[in-house]
Amino acid sequence: MTKDLRSFLAEVVSTGAGEVKHVSKQVDPRFGVTAYGAWYDKRGDYPALLFSDVAGSELRCLTNLVATHERMALALGVEVETLVRSSVAGQGRAAHPPVEFKGAAPVQEVVWRGADADLTRLPIPTHNELDGGPFLTAAVGVTRDPESGAVNAGIYRHHIYGPRRLGVWFFGSHDGGTIHRRYAERGEPTPIALVIGHHPAFLMGAVSRVPGIGGEYDAAGAYLGESVETVPTVTSGIPVPAHAEIVIEGHILPDELEEEGPFAEWPGHYVGGGRKPVIEVDAITMRHDAIFQDIQASGREHRLMGALPRIASIHEAVQQKVPGLRAVNIPLHARMHCYLSIRKNSDTDPTRAAFAALNTEPENLRAIVIVDDDIDVYDEREVAWAIGTRFDASHDLQIIPRWNGPGGLLPTNWSYDEAGGRTPQRSSAVIVDATKPAPPVVFPARARVPEEAMQAVDVDAIETITSVTDLPGWA
Ligand SMILES: Cc1cc2nc3c(=O)[nH]c(=O)nc-3n(C[C@H](O)[C@H](O)[C@H](O)COP(=O)(O)O)c2cc1C
Ligand SMILES: [Mn+2]
């Protein structure tokens with residue numbers, strides 16, 4: 001059976017852990033869907049939430065599906081421990097290049113064209129209080145590079161302006177924006193297909209930082225363990241997954257911008273927005289009983305789906321420059337930070353590793369901390385201890401001025417004034433080298449109890465004292 005959103009949902013249900021909740025009561029797409037997610041979030045719980053009655057739409061809405069390490073581990077076929085503590089979940093996977101689907105594609109069972117292709121018929125949530133409107137948060141935007149013909153994919157946010165009009169925001173270095181600029185320079189519209197609802201492994205591939213333009217369907221195939229089966233869209237012929245739930249087909253206007261946002265993003269502040277490119281919808285295709293997928297904006301789901309694919313991509317990119325790389329972490333609570341542990345060969349390794357990481361993820365990272373391989377990058381206490389003991393600010397701190405921005409999602413990429421105005425600016429990145437000097441220099445040894453002694457610990461010899469009279473030698 002082909003892996004898709006439904007096969008995964010069925011798999012999650014069959015684990016018996018009760019991780020899929022159904023809300024049958026009618027909810028308002030305006031904050032109604034996200035309120036349930038936020039209610040669970042307050043309790044530290046992140047079940048997938050399926051809404052069968054979103055006011056104004058016939059379609060079901062699914063959110064929070066990709067919010068936990070447990071479900072992402074299930075989706076990628078790895079142990080939770082592997083996914084949580086290791087950054088190599090994407091490595092060593094067999095290639096499965098995309099193939100063309102033969103026959104009638106499920107995603108084109110229903111075709112809405114012209115005035116029928118109305119976005120307001122979809123259960124698109126408005127997520128957070130100050131958001132400028134409903135946003136697509138889990139749509140994979142697929143475009144084709146006019147120069148190489150390569151098919152490129154990424155998740156981009158889309159502000160809904162009207163029945164057939166929506167925005168798109170491509171951050172600085174992202175390929176989607178490069179492709180749009182290439183079409184726009186020729187004065188041509190950019191055909192784009194927005195793919196909604198697929199297996200989480202497909203999303204992992206789509207958000208991977210693949211070097212060069214395109215290659216995301218290959219990355220998705222590697223994560224899925226099977227080829228993505230594609231079908232051409234009905235209007236522009238862009239290949240889209242035949243087993244997706246919904247595809248919005250459209251074109252980005254070459255010469256029009258519209259005020260976009262505000263929208264609460266993963267750093268948790270309302271920054272960004274401004275005038276952004278506009279998409280006009282040409283058609284909407286879907287399955288008969290399509291499920292619309294949403295990602296809880298600025299919530300845990302948003303941060304996890306931002307961090308996991310990037311950890312894997314950074315691991316690959318840094319390893320090419322510094323083979324001594326051991327592990328990568330982008331902490332969920334501060335996704336602009338990146339911790340790298342390396343087995344150091346040379347004192348230049350930390351800087352090279354840091355630049356490889358920064359160049360893989362130039363928009364979002366602003367602090368790289370490099371530690372030795374005895375430090376666990378998934379343990380904040382160890383990282384802080386390494387900074388406290390192996391980092392000297394006057395020798396080991398490097399500031400890269402004007403690295404980020406101008407503008408974008410990081411609050412530091414803007415300057416603010418008393419009237420509530422703001423101006424985009426560039427901000428700096430920092431490299432914190434918390435490693436010991438490279439060999440042969442001898443650095444003080446680390447305190448620890450010998451491993452043999454640890455092995456000799458006899459748990460049966462441990463007695464819990466519940467009464468003072470049981471204390472040895474107590475009168
Ligand atoms: C939930 C989510 C939302 C995202 N929103 C955007 C966005 O609005 N704009 C953007 O450029 N990238 C966004 N990203 C990141 C891109 O999808 C990602 O960096 C991708 O690798 C870009 O691909 P590209 O370089 O081929 O365009 C988002 C990622 C996630 C997980
Ligand atoms: Mn790309």
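## Around the ligand

Let's start with ligand 1: β8 (151-155), α5 (175-185) and α8 each give at least two residues to the shell around it. The names come from DSSP runs, numbered from the N terminus: a helix is a run of H or I with at least four residues, and a strand is a run of E with at least two. Keep in mind that this is a predicted model, where local features need pLDDT of at least 70 and side-chain atom pairs count only at pLDDT 80 or more, while totals for chains, interfaces and linings use all residues. As for labels, residues are numbered from 1 along each chain as its sequence is written, and chains are lettered from A and ligands numbered from 1 in the order in which they are written.

Which residues come nearest to ligand 1? Of the 18 around it, they are Gly154, Arg157, His174, Asp175 and Gly176. To count as near, a residue needs its C-beta atom, placed from the backbone, within 6 Å of the molecule or strand in question. By type, the shell splits into eight nonpolar, seven polar and three charged residues. Here Ala, Val, Leu, Ile, Met, Phe, Trp, Tyr, Cys and Pro are nonpolar, Asp, Glu, Lys and Arg are charged, and the others, Gly among them, are polar.

## An enclosed strand, β7

Now for strand β7 (residues 139-144). Six of its six residues are buried, so the rest of the structure largely encloses it. "Buried" has a cut-off: 20 or more other C-beta atoms within 10 Å of the residue's own, with 12 or fewer making it exposed and anything in between partly exposed; the C-beta atoms are placed from the backbone. Ala139, Gly141 and Thr143 point one way from β7, Val140, Val142 and Arg144 point the other way, and all of them are buried.

β7 also has strand partners (two strands pair if DSSP finds at least two bridges between them). With β8, β7 pairs in the antiparallel sense over five bridges, and glycine 141 has glycine 154 in β8 as its bridge partner. The hairpin of β7 and β8 has six residues between the strands, and glycine 149 there takes a positive phi near 80°. β7 also runs antiparallel to strand β11 (residues 190-196), joined by four bridges, and here glycine 141 stands opposite leucine 194.

β11 and strand β14 (residues 246-260) pair antiparallel over seven bridges, with alanine 193 partnered by glutamate 249 in β14. Next, β14 and strand β15 (residues 274-286) pair in the antiparallel sense over 11 bridges; isoleucine 248 has isoleucine 284 in β15 as its bridge partner.

There is also an open sheet of three strands, in the order β4-β12-β13, with mixed pairing. Its edge strands are β4 (99-100) and β13 (239-241), each of which pairs on one side only. Strand β12 (residues 229-232) and β13 are antiparallel, with three bridges, and proline 232 stands opposite proline 239 in β13.

Helix α3 (residues 69-76) has the buried residues Arg71, Met72, Ala75 and Leu76. These span an arc of only 130° around the axis, which puts them on the same side of α3; the arc is that of the directions from the helix axis to the C-beta atoms. In general, an α-helix has 3.6 residues a turn, so residues three or four places apart point the same way. The cover over the buried residues of α3 includes α1 (5-14), α4 (80-85), α6 (200-207), α7 (216-224) and α8 (300-321). Contact means that the C-beta atoms of two residues, placed from the backbone, lie within 7 Å. After α3 comes glycine 77, with a positive phi near 70°.

In α7, eight of the nine residues are buried, so the rest of the structure largely encloses this helix. The buried ones are Glu216, Tyr217, Ala219, Ala220, Gly221, Ala222, Tyr223 and Leu224. Among the elements covering them are α3, β8 and α6. Just after α7, glycine 225 takes a positive phi of about 80°.

## A residue in α8

Is histidine 315 buried or exposed? Histidine 315, which lies in helix α8, is buried, because 22 other C-beta atoms sit within 10 Å. Histidine 315 and leucine 340 are 25 residues apart in sequence and 8.8 Å apart in space, C-alpha to C-alpha.
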